[in-house]
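I wanted to get my bearings in a structure I had not opened before.

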Amino acid sequence: MPRICGKFSWIDNREVCIQYDKCVRVAEALTDLLKQVEKKTSIEAVVARIGGKLLSINDIICEDSIITIVRVFKGG
Amino acid sequence: MKGVWGRLLEVDLTAGTSRSIEIPEKVYRMFLGGRGLATYLLAREFREKWRFLDPLSPDNPLLFLTGPLTGYYPGVKLSVSGKSPQSNSVIGSVVSSEVAIELKASGFDGLVLKGGCEKPCYVYVENGKVEIRDASSIWGLGGLQLIKQFNSLLKEDVKADPKTPFVYIGPAGENKVRTAAVMAKLAHAAGYGGYGAVMGAKRVKAVAVKGYGSLPPVDDPESLNTLFRSALGNIKERMKRFRQWGTTEGTWHTGYYLSSMPVKNWSEEWHNVKDFSHVGFELETWVKNPWADWGCPVACMKLSIAKWKGEVFITDNPDYEMAAYLGSNLGVFSPRGAVVLSSLADELGLCGIQTGNVMGFAVELYEKGILTRDEVGYELKWGNVECLARLMKDIAYRRGIGEVLAEGTFRAARLLSEKKGVDLTKYAIQVKGIAVGAHGVRSGKDYPQPISYALSVQGGDHTSVAGFPVNSTESEAWYSILDSGVVCMFTVLDDSTLLEYLNKVTGWGLDLGEFYDIGRRIITLQRILLLIGGPDADWSVKDDDNPPRFYEPLPTGPYKGSALKREEVDELKKKYYAEMGWDEKGIPSEETLRRLGLEEFTPMLNMLH
């Protein structure tokens, strides 16, 4: 039952948390977390890490975690 | 030295000679390469004399530079710099071109062109050996014809490898149009800065480079290889939609949802024309053939073909900026129309952003009766591709009204204001001589912040925006690092990954604070050169502002009524100056220069106080 928190670097490191009842794919967690703070940024535009590890959108998270989220891609 | 060779190839076009210039490792560590290195070299060479350097004189050096990450990080970008004829400062402009790799494989980190040729010439570099050759037979050409004929000339004249990459200028550059770009391949452009005009002022039509050597050694090849593979996978995964649609997806997303796309010279920032979208381009003009440059895992480029008035027009997708500036900003909401105008800009060697901006300015003046039919010679109408194409050609060849518009939006507004006796600068959507990129700030939904353009050392450049936090991927320090690395903004991951990459290539062992200090150092030095300015325009604290139009409410769309608030911008300005270590006039303090290791440039501050 992981509790996953996202820390958004471009919004003053604002932290938002979601409680899941099962393991969750990074893509799903990022989508849910982004929805909580702003709708304009897509998951393709961000890079996520847990600690030093760079996350792939296909990684699965089963433990309580804090994901640091950095916005990188910002438009053409 | 790891990741770089520690030397540049300097060519004196006037004397017809070349030499190698040694660059100490300390300089790379402080400025990386590309934009940062160019800023340092120019500041060191000209110092207080910068003010008197005419960007369109042969005295202005033109620098084609790589960086420590060139050849190792996915993708390939060449940095083009000098004193910009648009901003009178250094603009770090980049273009996708294999010239960057070939330079490094020649044993040099860059090429610096000084002086000028008496007659049209081209520069051919093979393994560091320079030839300055006659380019009379290709002078006047642009686009596909230039590419074909220059390839033949290279083969016949210098027996070059048929795959030798090159950068070139079109007719606009030859005519020293300030919105001219340095072009590569069919549709790649180093547009910001106006360096096509600088190349034209030197009478250099093209620069071709071939190197048969290896890249410089890196510090930790084994773990760099592992990091490369992981980065590559992550980039591919994240950029799937980009790979599928290219940047043109923004044509609908930025225009309809974010309401931050220029429409009719930014009088609006919203449209709801469904056909003017990536799907519209796909159905009407797009040949499904994604293409990429050396080592690029994204492949955002597409290919569009449009037939119009018996002619065939080819360009990339076009990308979002072109669809915006040569589409909606001119009232053109058809993919075919945008492709025709984008292809024409490529052919003429014009920057689509700067040129689309000044064209929008002209059409608005015409619509308001400020410019007349007698002055223009024909009618100017929003959305009329025929008259817009004519106007673009007049700019490239400096004909009629094109003579004034060829000076770019800032100078054209100034000249026409003087002529008409009214202030027309309020219709000029530019900051410090640089047209604002196609991402608005009024809706507050797109990525730029209220001070992004106002405080950028590259003016309206949407690829180098200022922002908070000042040590983050939202900041101009970040963008300046990308331009100095030199890496593409579409292939980067986060700052930690890029730093890890840099350390594995160079062995410098920098931490994140030192990493961002490189960016702060670059923009602080750029800021000093910007404020010194000259010879025909100067900037000061009052120019750290948005175009007046951005303070007017959006007239349409979901964010109707939204506008920048002057008090908020002023507050953010103060905060930004303080965080950057600049005084209340935006002048970097002596203490900041000391902290960043820029003490040698302290005397230049005297000119600013």
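What follows are my entries, grouped by topic.

**Ground rules.** I am working with a predicted model, where local features need pLDDT of at least 70 and side-chain atom pairs count only at pLDDT 80 or more, while totals for chains, interfaces and linings use all residues. Residues are numbered from 1 along each chain as its sequence is written, and chains are lettered from A and ligands numbered from 1 in the order in which they are written.

**Where the chains meet.** I looked up how chain A touches chain B: 16 residues of chain A are in contact with 28 residues of chain B. For contact, the C-beta atoms of two residues, placed from the backbone, must lie within 7 Å. On the side of chain A that touches chain B, strand 4 (46-50) and strand 7 (65-71) each supply at least two residues. Strands here are DSSP runs of E with at least two residues, helices are runs of H or I with at least four, and both are numbered from the N terminus. I sorted that side of chain A by class and got seven nonpolar, four polar and five charged residues. Nonpolar covers Ala, Val, Leu, Ile, Met, Phe, Trp, Tyr, Cys and Pro; charged covers Asp, Glu, Lys and Arg; the others, Gly among them, are polar.

**A leucine in chain A.** I picked L30(A), which is found in helix 1 (residues 26-37). L30(A) is buried, with 23 other C-beta atoms within 10 Å. The scale: 20 or more other C-beta atoms within 10 Å is buried, 12 or fewer is exposed, and in between is partly exposed, with C-beta atoms placed from the backbone. Leaving out residues up to four places away in sequence, L30(A) touches I43(A), V46(A) and A48(A). From L30(A) to S65(A) I get 35 residues in sequence and 12 Å in space, C-alpha to C-alpha.

Most residues other than glycine have a negative phi, and most peptide bonds are trans. R47(B) is not a glycine, yet its phi is positive, about 45°. I found R47(B) in the loop between helix 2 (34-46) and strand 3 (62-65), partly exposed, with 17 other C-beta atoms within 10 Å. K309(B), also not a glycine, has a positive phi of about 50°. Its loop runs between strand 14 (301-308) and strand 15 (311-315), and K309(B) is exposed, with 9 other C-beta atoms within 10 Å.

Then I noted a cis peptide bond between F468(B) and P469(B), omega about -10°. P469(B) sits in the loop between strand 17 (434-435) and helix 18 (476-485).
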